[in-house]
Amino acid sequence: MEQTLIEKIISNHSSHPVMAGDIAIVDVDLVMATDTTGPLTIKAFENMGGTEVWAPEKMVLVIDHASPAPNEGIAVLHDLMRKFAKEQNIKLYDVGDGICHQLMIDHEHVKPGQLVLGADSHTCTYGALGAFSTGVGSTDLAGAMLTGQTWVKVPETIKINLTGTLPEGVVAKDLILHLVGKLGIQGATYQAIEFTGEVIERMTLDSRMVMANMVIEMGAKAGLVDLKGLDLPYEFDMLQPDKDANYIQVLNVDVSNLEIQVAAPHSPDNIKNISEIGDVSIQQAFIGSCTNGRLEDLHAAAEILKGKKIHPNVRLIIAPASRQVFQDALSDGTVEILSAAGASFLPSGCGPCVGTHQGIPGNGENVASSTNRNFQGRMGNRNSNVYLGSPAFVASAALHGKIINHNECKKEAIDSL
Amino acid sequence: MILKGKAHVYGDNIDTDRIIPGKYTKTLDMQQLADHVLEDVDPDFHKIVQPGDMIVAGENFGCGSSREQAPLAIKAAGVSVVIAHSFARIFFRNAINIGLPLIELSSYNIQTGYDLEVDVTNGIVKNLYNNEDYQGAKMPDVMVKILSENGLVEYLKKYKSYS
């Protein structure tokens with residue numbers, strides 16, 4: 001029986017080997033909830049008659065979505081989570097520690113080959129480590145907290161083989177946006193994606209996380225990134241799909257001529273080459289989120305903004321993906337460069353991306369954002385427009401007050417020397 | 001289970017941010033969710049929806065986030081069932097888990113205001129306006145079982161495990 005990667009991982013967590021289409025009862029290695037989903041999860045767990053979590057060491061709670069609490073109602077929900085974590089002896093990451101998905105990987109809660117449920121749709125990010133991790137709702141998560149298990153339908157897999165070399169200034173975010181545009185917002189619904197090829201093998205962990213993170217924007221259940229070329233601070237089993245595994249679709253994409261990609265309002269699959277965007281003024285720029293708030297993202301922004309000032313009409317907001325990212329960016333001088341250029345730093349968290357607080361755009365405003373979704377109203381105001389792109393795209397937009405091709409700017413700067 | 005209600009028809013890709021914006025999700029108060037349901041799609045929906053009414057949508061209903069507040073908001077507003085050409089995966093599970101029935105129909109001829117009768121158990125939608133019948137897609141047995149217990153909370157209370 002030749003298996004895809006996800007068929008192997010699910011089989012390893014089930015009482016018998018499975019193939020795409022099967023329904024399997026699986027053992028769960030880890031569960032995670034945030035302050036958007038955690039309070040409902042705790043209520044559902046209690047309503048199920050739950051008194052003790054099946055394995056407290058396999059559960060993590062993170063306060064990141066509205067953090068620090070913007071109002072009394074949310075403060076009460078945060079306290080409910082803290083109290084539950086204390087009673088049940090569960091690890092809780094509190095205000096400012098970081099965005100859940102960053103913490104789960106950085107603190108080694110997730111490892112390759114594991115099966116993880118998170119009550120957040122971007123839980124698919126741990127596919128960067130070759131784990132089958134997927135987003136569920138609060139009640140599903142409560143069921144896993146009670147039983148240590150869940151049910152899954154084994155998904156079919158799309159294999160995406162990425163060859164060539166990304167042009168300079170074109171990064172993992174451009175590549176995943178391109179693929180979201182190509183497959184569409186429901187192009188992989190109920191399916192898994194395997195990313196493989198030489199482009200992947202050269203990618204940093206930060207970039208691999210970008211790839212896995214946005215598979216949900218194609219409706220996918222999981223996005224598994226080939227472990228080849230990945231360096232981790234611990235030993236791990238390099239799980240690979242079988243040679244003759246069955247794929248529903250195989251895509252070969254040569255990335256060598258890829259332009260900078262932008263998701264125009266109001267859907268992450270409304271993808272354009274930057275040259276097609278035209279004249280768009282920008283009032284707010286945001287760098288952060290589980291998609292692009294990591295150290296290499298802040299470095300990309302600092303490279304563009306070093307020694308310069310952002311456009312006077314733009315507010316540049318940065319929320320590092322974790323406190324560790326912030327500290328690393330502090331100690332290597334990146335924070336100083338960005339702050340001197342006019343950026344405002346927020347505590348690590350999800351706020352502006354998900355429209356809860358700390359950066360809601362005004363009516364008619366255009367936002368350049370390094371995040372993952374630009375649905376109407378996503379950032380908290382239905383009358384604003386969000387353009388998604390890489391951190392370099394956002395930094396350039398902040399510098400010029402409009403959407404601009406940072407590769408051409410760089411070329412012009414060199415030509416004028 | 002037979003349900004009767006009026007259809008409210010919306011389009012494709014109604015995402016969870018538009019079903020219930022993120023800024024309203026941080027609450028355990030279901031009425032607060034109901035007061036903002038679908039407001040970025042149809043600001044009047046929460047005012048005109050009547051208990052038992054049905055949402056009828058196109059492809060990929062509920063795409064986006066994993067927030068269970070999306071089906072909860074719909075249910076709290078009094079909607080009895082959501083009918084769509086297709087549903088996003090997480091939304092599908094969440095709705096069944098909280099006991100909100102869904103019917104997946106590849107095609108239908110339904111407009112806002114039509115009266116519908118839905119046989120949830122057999123997945124049949126009867127269009128009382130033109131007397132057409134539509135057969136919905138079959139759900140996995142495990143989901144049928146969860147829905148028949150009115151959601152995963154009651155299911156696990158009764159069976160204690162999935163196996």
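Visitor: Which residues in H2(A) meet H5(A), and which residues in H5(A) do they meet?

Guide: This is a predicted model. In H2(A), the residues are A:Leu40, A:Thr41, A:Ala44 and A:Phe45. In H5(A), they meet A:Ser138, A:Thr139, A:Leu141, A:Ala142, A:Met145 and A:Leu146.

Visitor: What classes of residue does the contact of H2(A) with H5(A) have?

Guide: The contact has 7 nonpolar residues and 3 polar ones. No charged residues take part.

Visitor: What is the handedness of the crossing of H2(A) and H5(A)?

Guide: H2(A) and H5(A) cross in the right-handed sense.

Visitor: What makes S4 and S6 of chain A the edge strands?

Guide: First, the order. The open sheet of 5 strands in chain A runs S4-S3-S2-S5-S6, with parallel pairing. Strand S4 (91-93) and strand S6 (132-135) each pair on one side only. From one strand to the next, the twist averages 20°.

Visitor: How do you know that S3(A) and S4(A) pair?

Guide: Count the bridges. Pairing needs at least two. Strand S3 (residues 59-62) of chain A and S4(A) have 3 bridges, so they pair, in the parallel sense. As for bridge partners, A:Val60 has A:Lys91 in S4(A).

Conventions: Residues numbered from 1 in each chain as written. Chains lettered and ligands numbered in written order. Predicted model: local features only at pLDDT ≥ 70, side-chain atom pairs only at ≥ 80, totals over all residues. Left-handed = near helix turned anticlockwise from the far one by under 90°. Helix = DSSP H or I, 4+ residues; strand = E, 2+ residues; numbered from the N terminus. Contact = placed C-beta atoms within 7 Å. Nonpolar A, V, L, I, M, F, W, Y, C, P; charged D, E, K, R; others polar. Axes fitted to C-alpha atoms, helices over the stretch in contact; angles between N-to-C directions.
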